[in-house]
Amino acid sequence: MKRLLVIFLLLILFLVIGLPSLLVRGCRQEKESAALPPPTVDFIPIVSPVGEVLLTVYLPEKERVMTLSLEEYLVGVVCAEMPAAFAPEALKAQAVSARTYTVNQLRAFGGGGCDRHPAADVCTDSTHCQAWLGYEEALAAWPAEEAVDNLNKIRAAVAATAGEVVTYGGELIDAVFHSHCGGHTENSEDAWSTVVPYLRGVPCPYCAGTRWSETVHEFTGAQFAQAVAAYVAAVPVSAAGRPLLGGAERTSTGRLKSVTIAGETVTGRDLRAALNLPSTNVTWEVTGDKVVFTVKGHGHGVGLCQYGANGMAAQGKTYREILEYYYTGVEVSLLPST
Ligand SMILES: [Zn+2]
Ligand SMILES: [Zn+2]
């Protein structure tokens, strides 16, 4: 009985003192976290020193055309084309490069618009014009805890460079870029066909040791034969299923110009497409009925190297220095005022 009384008294004591203090602590904690302002997207319109440039954008998945300001459109391009974790100066270099690329397409600036969707200046198909993400898509694509900061960071990079483009001899350049050059960017004529004075290959130690520096891709003879079947008439493997590869011709930077498969010549670009390799900077080893490709870089390798831009930014280089490094003899200038 006495024991029951003690338990009862303790319970009363808890109800009178312990419970309220727990509740107060709970409330206080809630109040403290509620007091922190929720992270918000900086939706202040981006003002360009050259005035507002409007463009029409075709959205293939929605099958409609919308009108946007150039600077707001570029936020969506940078969101889609460069990892948000990259340094601010790299994001700014990407913004200026993407702005130059875009303005070249605008009818208001003498461009031809998007030739696949004639009602628009640009489309959001990354295999045709530039990739683009709307705010909601961009925010949903990032982890929730960093999404708003990422978008604010990209908006700041676009705003800091508003109206700026890359020119060569006073003309807008063809501001091509790629993900990772693998150690040396490529001359335009080696990737495509024309010599472009500002698209010269440059050594790029800045992208070393990152995601695409070296990747390995293994195929069985059967997988290899199936993948290259559209490019060669002959059977591309030996009777033992051994992939028949030889006679590689390379550009000055080591990228594959052409290769012979079962005696037929296939371009490096076609081999890359057939096997879905990240670049044409490939070497391989045939062992038994397997072929293993080692690939450096990701993308065509011409113009701005994105991973390199991030590496230069990490070494304290500005976006102007980055652009002037990857595009030979260029200037960063303002668009003519509208
Ligand atoms: Zn297009
Ligand atoms: Zn590079």
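Of the 338 residues in the protein chain, 45% come out as buried, meaning under 20% relative accessible area with a 1.4 Å probe, protein chains only. This is a predicted model, with local features needing pLDDT of at least 70 and side-chain atom pairs pLDDT 80 or more, while totals for chains, interfaces and linings use all residues. Residues are numbered from 1 along each chain as its sequence is written, and side-chain values use heavy atoms, leaving out hydrogens and water.

The protein chain has 10 helices and 14 strands, taken as DSSP runs (H or I, at least four residues, for helices; E, at least two, for strands) and numbered from the N terminus. Among contacts (heavy atoms within 4.5 Å) between residues at least 6 apart in sequence, 65% join residues at least 24 apart.

Now to one pair of helices. H3 (residues 88-105) and H9 (residues 306-314) pack with their axes 7 Å apart, at an angle of about 135°; axes are lines fitted to C-alpha atoms over the stretch in contact, and angles run from 0 to 180 degrees between N-to-C directions. H3 is therefore oblique to H9, the label for whatever is not under 35 degrees (roughly parallel), over 145 (roughly antiparallel) or 65 to 115 (roughly perpendicular). Glu89, Ala90 and Gln94 of H3 meet Gln306, Ala309, Asn310 and Ala313 of H9.

As for Ser279, this residue sits in the loop between helix H8 (268-275) and strand S11 (282-287). Ser279 counts as buried because its relative accessibility is 2%. Its side chain reaches the backbone nitrogen of Asn281 at 3.0 Å. Leaving aside residues up to four places away in sequence, Ser279 touches Arg272, Val295, Lys296, Gly297, His298 and Gly299.

Key: Chains lettered and ligands numbered in written order. Buried < 20%, exposed > 50% of the residue type's maximum accessible area, 1.4 Å probe, protein only. Polar contact = N/O pair within 3.5 Å; in protein donor to acceptor, adjacent residues only side chain to side chain.
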